[in-house]
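Me: Please go through the labels used for this model one at a time. For each, I want the rule and the value it is set against.

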Amino acid sequence: MKVVIAGAGLAGLTSAWELHKGGHEVVVLEARDRVGGRTWSATLPNGVITERGGEYIFPTEFAIRRLAAEVGVPIMSHGVRYARRTLNGRHVDVDTLTRRMDAARDTLRRMLEDGERSVSVAAVFREALGAGFRDDPVYRRMATSLAADPEAVSAEAAVLHESSAEDLYVEDGGRLVHGNQSLSLELARRLGAAIRLESPVAGVEQSPRGVRFELADGSSVEGDAGVVAVPLPLLRSLRLGFDLPERMSMALDHRFMGVAAKLGVPVSTSEQDSAVQSAEHTWWSWQSLGIDGEHRVAALSTFAGGPDAVAALDVGNGPSLWAQKLRELRPSMVPDGEPLLTTWADDVWTRGAYSAAGLDWSAADATAFDEAAGRVAIAGEHTGLAQSLSGAVASGYRAAAALDRVLQA
């Protein structure tokens, strides 16, 4: 059988790889001139690899660990206190981190049992920690990672369901040794001529016998089934010649796109603190462990999550203000070249960083994409609980399994 896949990010490539192994012919249509989507590794002027997109792989993210092991792409630790960042000169201990996360979960459960609905992340921490919750390092870490306004994000999704087990494995965030894009590149190498770059999809049609993917240039590619693995805003803009099941439509309606930016800064210093959170806004800085397992890489990575932080750093006018703020946060740093700024909201093939669960999110949304919509499966981080590299991979596995059931039938 022939399966057409829109999108050569981790979700699309994972589904293509699984279907290829199952004996199906696959064609992957990618709008960009590269594979990887929001997994994008680049080299700074001093030769250090920095991530312009997805960064962390957590211990319990088994989907991406399984795939990386299968194709021989190694993972190592960042060696960064991801969940216990320094804020105002201090970082929480493990017991405090666990207690505060437990308090947030218990508070949310009580609020839900009392009949409250549409409870936001901010509302839960406000109730659990009191009026000064915004300055709490545990809340600040979560608010940064959401890449969205915590007043608009479902606490049920973010606090109870979406979890990197950060309060259990607080030191072990991982990365792919040769850059996080290396997994996409290896999958593309194995798939070979099945990958078609600079081939943006504009619409998808299906009939009881097959599918047709319409490209922006007016051409089309037909197959027996298809996978749509493009970011949420692009999925909404596609011309679909069929109706999605109601549960899928509702799940998509319950998500919105977050805003984030990243800054890679080459340095000639090894910072004493591997992870520092800004006290002003929801952005932070880290210095990863090098491949030798002893020394830090000669670069700082920074991530700003949410519209307020991105606006405050004025990234629309370049990296200068953010670089200045970083020097204030880390006065001992010695830059060693020009910083590399990446924004995602203005990227035509992404239109945002990654999705967040809105206040209308429900647990039923988590299984809405387990089955295909006719002969078309939907993949991407927005179709699952984890808005991460592993979340994308897991969605690719799920889409391939759903289509395999359709094709066997």
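Reply: Two strands pair if DSSP finds at least two bridges between them. Helices (H or I, at least four residues) and strands (E, at least two) are DSSP runs, numbered from the N terminus. This is a predicted model, where local features need pLDDT of at least 70 and side-chain atom pairs count only at pLDDT 80 or more, while totals for chains, interfaces and linings use all residues. Residues are numbered from 1 along each chain as its sequence is written, and side-chain values use heavy atoms, with hydrogens and water left out.

Me: What makes S10 and S12 edge strands?

Reply: The open sheet of 4 strands runs S10-S9-S8-S12, with mixed pairing. Strand S10 (220-223) and strand S12 (239-240) each have a single partner strand, so one side of each has no neighbour in the sheet.

Me: How do you know that S8 and S9 pair?

Reply: Strand S8 (residues 201-206) and strand S9 (residues 211-215) share 5 bridges in the antiparallel sense, and the rule asks for at least two. Glutamate 205, for one, has arginine 212 in S9 as its bridge partner.

Me: Which strands are at the edges of the open sheet of 5 strands?

Reply: Its order is S15-S16-S17-S14-S18, with antiparallel pairing. Strand S15 (275-277) and strand S18 (340-343) pair on one side only, which makes them the edge strands. From one strand to the next the twist averages 15°; axes are lines fitted to C-alpha atoms, for helices over the stretch in contact, and angles run from 0 to 180 degrees between N-to-C directions. Strand S14 (residues 260-266) and S18 are joined by 4 antiparallel bridges, with lysine 262 partnered by threonine 342 in S18.

Me: Why is H2 called oblique to H7?

Reply: The axes of helix H2 (residues 62-71) and helix H7 (residues 182-191) come within 11 Å and cross at roughly 50°. That value makes H2 oblique to H7, given the classes: under 35 degrees roughly parallel, over 145 roughly antiparallel, 65 to 115 roughly perpendicular, the rest oblique. The crossing of H2 and H7 is left-handed, meaning that the near helix is turned anticlockwise from the far one by less than a right angle.

Me: What counts as a cavity, and how many of 30 Å³ or more are there?

Reply: A cavity is a set of points, on a 1 Å grid over the protein atoms alone, where a 1.4 Å probe fits but cannot get out; lining residues have an atom within 4 Å of a point. Grid points are joined across faces, edges and corners, and a volume is the space filled by probe spheres set on the points. The count is 3 cavities of 30 Å³ or more.

Note on methods:
On a 1 Å grid over the protein atoms alone, a cavity is a set of points where a 1.4 Å probe fits but cannot get out, and a pocket is an open set with protein on both sides within 12 Å along at least five of seven lines; lining residues have an atom within 4 Å of a point.
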